[in-house]
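Dear colleague,

I am handing over the structure below, together with some notes on what was found in it. Could you read the notes alongside the model and keep them with your files?

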Amino acid sequence: MKRNIRKVAVLGSGVMGSRIACHFAGVGVNVLLLDMVPKEFTESKKPAERNKLVNDALAAAIKSNPSPVYDKSVVKRITTGNFTDNMKEIAGCDWIIEVVVERLDIKKTIYDQVEQFRKPGTLVTSNTSGIPIHLMAEGRSDDFRKNFAGSHFFNPPRYLRLLEIIPTPYTDPSVTEFLMGYGDLILGKTTVLAKDTPAFIANRIGVYGIMSIFQLIDKLDMTIDEVEALTGPVIGRPKSATFRTADVVGIDTLVKVAKGVYDNCPADEARNSFEIPAWLDKVVTSNWLGDKTGQGFFKKTKSATGEKEILTLNLKTLEYGPRVKPKFAALEAAKPVDDLNQRLKMLVSSPDKAGEFYRQFHYGLFSYISFRIPEISDEVYRVDDAMMAGFGWEIGAFESWDVLGVARTAEAMKTAGYKVAPWVEEMLAAGHKSFYKIENGRKLSYDPATKTYKTLPGEGAFIVMSNFQDKLVWKNGSCRLYNLGDDVLGLQWFTKMGSIGGDVLSGIQTAIDKAEKEYKGLVIANEGPNFSAGANVGMIFMLAIDQEYDELDMAIRMFQNSMMRARYSSVPVVVAPHGLALGGACELSLHADKVCAAAETYTGLVELGVGLIPGGGGTKEFVLRAADEMHEDEPDTITLKNRFLTIATAKVGTSAAEGFNIGVYRKGLDEVVLNQGRRIAEAKKSVISISDSGYTAPTVRKDIKVLGRSALGALLAGINGMRQANYATEHDSVVAKKLAYVMCGGDLSEPSFVSEQYLLDLEREAFLSLCGEKKTLERIQSVLKSGRPVRN
């Protein structure tokens with residue numbers, strides 16, 4: 001049966017239901033969102049009153065931050081209604097997703113209504129996180145059962161990439177296959193096939209991890225602040241670490257899942273880990289449930305001076321106190337190490353208290369996941385995929401075991417009293433030393449059932465450049481250039497936050513040189529959480545503070561030349577950004593032949609945030625695009641003003657869709673890739689397509705219309721008005737005037753046509769002059785101290 005999802009019904013408009021509806025609307029699907037008629041309006045005949053519950057829920061979702069949609073305009077695809085009046089409309093839907101309260105009796109009542117109105121063959125799935133899927137299918141018609149499965153989204157659905165698909169024994173295999181593919185290709189999810197076991201995969205492992213830490217905190221006499229420092233980004237986990245994650249999710253929710261596993265998994269060898277400690281029970285009975293009740297393991301308050309302060313719960317006294325920054329020798333030693341694998345090895349081998357925590361935590365985790373095969377999954381890679389996509393881990397649990405050495409760690413585990421599943425012992429005895437291995441650029445995973453290695457699904461659709469170590473073409477201190485096959489090169493770099501400095505610029509130019517000689521083209525992309533936070537502002541600061549202006553001028557020229565090299569190479573250059581793509585990284589995208597951006601790409605020219613203007617060709621490119629966008633039916637200054645304001649306000653697109661709205665990406669040319677893992681493969685396809693279509697290098701532009709004094713006067717008047725109204729500081733106005741001067745082509749007496757190099761020279765001169773401003777240096781220093789990227 002060929003399926004085409006034109007319209008989806010979401011039954012239930014709570015936090016998850018409303019946001020699932022928004023995500024479907026965001027990918028272009030029409031949505032019918034239904035919920036109950038409020039009790040006080042059951043007799044009303046007014047649609048606004050009968051639909052108040054669903055409308056209020058949707059409105060709250062749309063206003064929430066971060067936004068549940070890529071672009072606010074997609075909300076028009078959502079139609080609201082109620083179960084009583086509008087359930088009949090599900091007959092026109094191709095997929096019905098139930099997201100009502102976690103009670104089997106209520107879900108069954110909803111399914112009774114669904115059976116009345118759904119057309120045969122319509123998909124029906126439940127977003128339950130804990131009720132066995134097969135119980136919901138019992139008593140239903142044959143057609144319902146074969147088209148029914150679990151579809152467990154993680155909150156928030158737009159941002160957490162995991163979608164667990166849980167078939168029942170009745171589910172038609174083609175339905176499972178469709179849901180897995182649709183979730184990947186259309187919804188942009190990492191779809192993981194899970195068995196119908198308590199908590200499925202991610203929550204089973206994730207909640208075990210948290211509960212095991214709760215035990216260790218008592219065993220090793222540790223504090224919440226100590227655990228938070230040890231279980232966050234330093235080991236490749238989210239900033240929310242452990243206790244903050246519990247506050248965000250809801251401590252009661254965590255306890256509910258833990259109790260569910262304890263009650264329903266009597267054969268779980270680590271069942272006691274899911275017992276609720278006395279202090280945790282006290283936290284729940286006190287209604288300290290986290291963000292939803294205003295306090296949990298952390299509590300926001302105000303100090304005596306009126307400043308915001310975050311207090312931490314003392315688990316011994318159950319009283320809140322000031323946060324204390326812990327000091328561990330292991331953390332201090334690992335802090336300068338950028339490579340996560342190397343950090344893990346250092347931390348786990350450390351002789352201090354932190355090292356002991358890491359050893360016991362990882363030994364327990366490794367033991368637990370080994371015994372979950374084949375209970376919750378037949379494949380090890382599905383466990384890792386679920387944890388990375390659902391809990392935001394940078395590296396999976398089995399991958400971590402590989403990093404630390406499977407055999408060595410297994411022996412250490414047994415010495416420390418932790419068991420290892422028999423299939424792991426068999427794997428090692430057969431001479432297999434790891435759960436994963438790389439062959440010819442392909443990642444293979446050990447399969448316990450066949451006792452062999454198998455290629456991961458989606459071969460060719462998911463390219464990880466680091467898997468091409470045996471195809472390395474060139475490298476320097478920061479960059480690696482790989483042969484991705486089919487005559488396409490791939491460049492990535494390894495710097496803090498993906499910052500772009502001399503090494504990276506040299507890498508870009510070298511990669512293009514080599515591509516022009518022997519290949520069809522070049523893909524530029526990075527792995528890790530972000531593409532790039534922009535230029536190396538630390539280098540800029542040091543050169544400026546030392547007044548090395550000749551060196552600074554050379555550095556800016558090199559950046560500009562590298563961007564122009566990307567624009568005018570004789571082979572196509574395609575950039576595949578994701579995460580942060582700010583400042584200089586945005587400028588690289590502006591000069592690429594094509595951009596294949598992940599849907600979650602945060603991009604913009606943010607240099608005004610540190611008192612500079614875009615100096616790597618970004619200002620020039622915005623002037624060029626403004627000139628090309630000027631129309632006879634409107635004043636030329638309007639298009640230029642819009643482009644000016646985008647830079648002057650450091651406007652950022654918080655999704656790839658918004659990147660189009662602010663003029664960074666080009667409609668009809670650049671592309672959004674919903675599944676972040678596919679962006680490099682899509683970029684490679686684009687290189688091949690552009691090359692095979694007869695690529696010709698573009699001609700350097702010398703026909704860019706600039707408006708001179710006529711536009712400059714208007715922009716300066718606006719800047720002065722903003723300053724007088726106190727919407728801008730004195731320094732803001734200085735920077736904005738420099739920007740206006742460049743974007744108008746200087747103080748020309750009349751509109752003229754200029755070259756790209758003319759604008760690049762103006763851009764560079766303005767950038768250099770601003771580097772000498774005291775306020776600019778203070779802003780740069782502030783950003784460097786914070787360790788955060790430049791933002792608007």
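Helices and strands are named here from DSSP runs, a helix being a run of H or I of at least four residues and a strand a run of E of at least two, numbered from the N terminus. The model is predicted, so local features need pLDDT of at least 70 and side-chain atom pairs count only at pLDDT 80 or more, whereas totals for chains, interfaces and linings use all residues. Residues are numbered from 1 along each chain as its sequence is written, and side-chain values use heavy atoms, with hydrogens and water left out.

I begin with the backbone. Most peptide bonds are trans, and most residues other than glycine have a negative phi. Leucine 318, which is not a glycine, has a positive phi of about 55° and sits in the loop between strand E10 (308-314) and strand E11 (319-322). Its relative accessibility is 19%, so leucine 318 counts as buried (under 20% relative accessible area, with exposed meaning over 50% and partly exposed in between, for a 1.4 Å probe and protein chains only). Methionine 497 likewise has a positive phi, of about 60°, although it is not a glycine, and at 32% relative accessibility it counts as partly exposed; its place is the loop between strand E17 (488-493) and H21.

Helix H23 deserves a paragraph of its own. Its 19 residues (549-567) should span 27 Å at 1.5 Å a residue, and the C-alpha atoms at its ends are 27 Å apart, which agrees; the expected span is 1.5 Å times one less than the number of residues. Among the buried residues of H23 are Leu552, Asp553, Ile556, Phe559, Met563 and Arg567. The buried residues of this helix pack against helix H21 (502-518), helix H22 (537-545), strand E19 (573-575), helix H24 (584-590), helix H25 (618-629) and helix H31 (756-771), where contact means heavy atoms within 4.5 Å.

H23 also takes part in the second largest pocket, to which it gives the largest share of the lining, five residues. On a 1 Å grid over the protein atoms alone, a pocket is an open set of points with protein on both sides within 12 Å along at least five of seven lines, a cavity is a set where a 1.4 Å probe fits but cannot get out, and lining residues have an atom within 4 Å of a point. Grid points are joined across faces, edges and corners, and a volume is the space filled by probe spheres set on the points. The second largest pocket has a volume of about 630 Å³. Of the 36 residues that line it, Gly534, Ala535, Asn536, Val537 and Gly538 are the closest to its centre. At least two lining residues come from each of H21, H22, H23, H24 and helix H32 (774-786). By class, the lining has 21 nonpolar, 11 polar and four charged residues, with Ala, Val, Leu, Ile, Met, Phe, Trp, Tyr, Cys and Pro counted as nonpolar, Asp, Glu, Lys and Arg as charged, and the others, Gly among them, as polar.

The structure holds one cavity of 30 Å³ or more, and the largest cavity has a volume of about 90 Å³. Its lining is made of 13 residues, with Arg158, Arg161, Gly188, Glu600 and Leu674 nearest its centre, and divides into six nonpolar, three polar and four charged residues.

Finally, the cysteines. The structure holds zero disulfides, a disulfide being a pair of cysteine sulfur atoms within 2.5 Å. For cysteine 479, the closest cysteine sulfur is that of cysteine 586, 19 Å away and therefore too far for a bond. The sulfur of cysteine 586, in turn, is 16 Å from its closest cysteine sulfur, in cysteine 596, again too far for a bond. Cysteine 479 is buried, with a relative accessible area of 0%, and cysteine 586 is buried, also with 0%.

With kind regards
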